[in-house]
Amino acid sequence: MESVTAVFAGAAFALFGTALLVWTGARTIQRAPVALGVSPVASTVLATLFGVLFLVLGVWCLTRV
């Protein structure tokens, strides 16, 4: 039963991390702000960092199955 939880968590983290990276990349290519009211460089760096972090966490969860 624990493997089902790990697969679900891994898929959720990987999906969210991938979506965040795609969103950040699309906004950066369009030269649009990633987050309103925040420095463009800081928001891009933080969104990319968290996207990679969630993607790595998702892959780690999926390898623990």
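Mentor: Begin with one residue and its neighbours. Leaving out residues up to four places away in sequence, Thr 24 touches Val 34, Thr 44, Ala 47 and Thr 48; contact means heavy atoms within 4.5 Å. This is a predicted model, in which local features need pLDDT of at least 70, side-chain atom pairs count only at pLDDT 80 or more, and totals for chains, interfaces and linings use all residues. Residues are numbered from 1 along each chain as its sequence is written, and side-chain values use heavy atoms, with hydrogens and water left out.

Trainee: Is Thr 24 buried or exposed?

Mentor: Buried means under 20% relative accessible area, exposed over 50%, and partly exposed in between, with a 1.4 Å probe and protein chains only. Thr 24 has 3% relative accessibility, so it counts as buried.

Trainee: Which backbone oxygen does the side chain of Thr 24 reach?

Mentor: A polar contact is a pair of N or O atoms within 3.5 Å; within protein, one must be able to donate a hydrogen and the other to accept it, and residues adjacent in sequence count only if both atoms are side-chain atoms. Here the side chain of Thr 24 reaches the backbone oxygen of Leu 20, at 2.8 Å.

Trainee: In which helix is Thr 24 found?

Mentor: Helices (H or I, at least four residues) and strands (E, at least two) are DSSP runs, numbered from the N terminus. Thr 24 is found in helix H1. A loop lies between helix H1 (2–29) and helix H2 (40–63), and Arg 31 is in that loop.

Trainee: Which residues of H2 are buried?

Mentor: An α-helix has 3.6 residues a turn, so residues three or four places apart point the same way. In H2, the buried residues are Ser 43, Ala 47, Gly 51, Gly 58 and Cys 61, and they pack against H1. Take Cys 61, buried at a relative accessible area of 11%. Not counting residues up to four places away in sequence, Cys 61 touches Ala 6, Gly 10 and Phe 13.

Trainee: How many aromatic pairs does a search of the whole structure find?

Mentor: Rings of Phe, Tyr and Trp (its six-membered ring) pair if their centres lie within 6.5 Å; planes under 30 degrees apart count as stacked, over 60 as edge-to-face and the rest as tilted. The search finds two pairs. The rings of Phe 13 and Phe 54 are stacked because their planes are at 25 degrees, with centres 5.8 Å apart. Phe 13 is in helix H1 and Phe 54 in helix H2, 41 residues apart. Phe 16 and Phe 54 form an edge-to-face pair, 5.0 Å centre to centre with 90 degrees between the planes.
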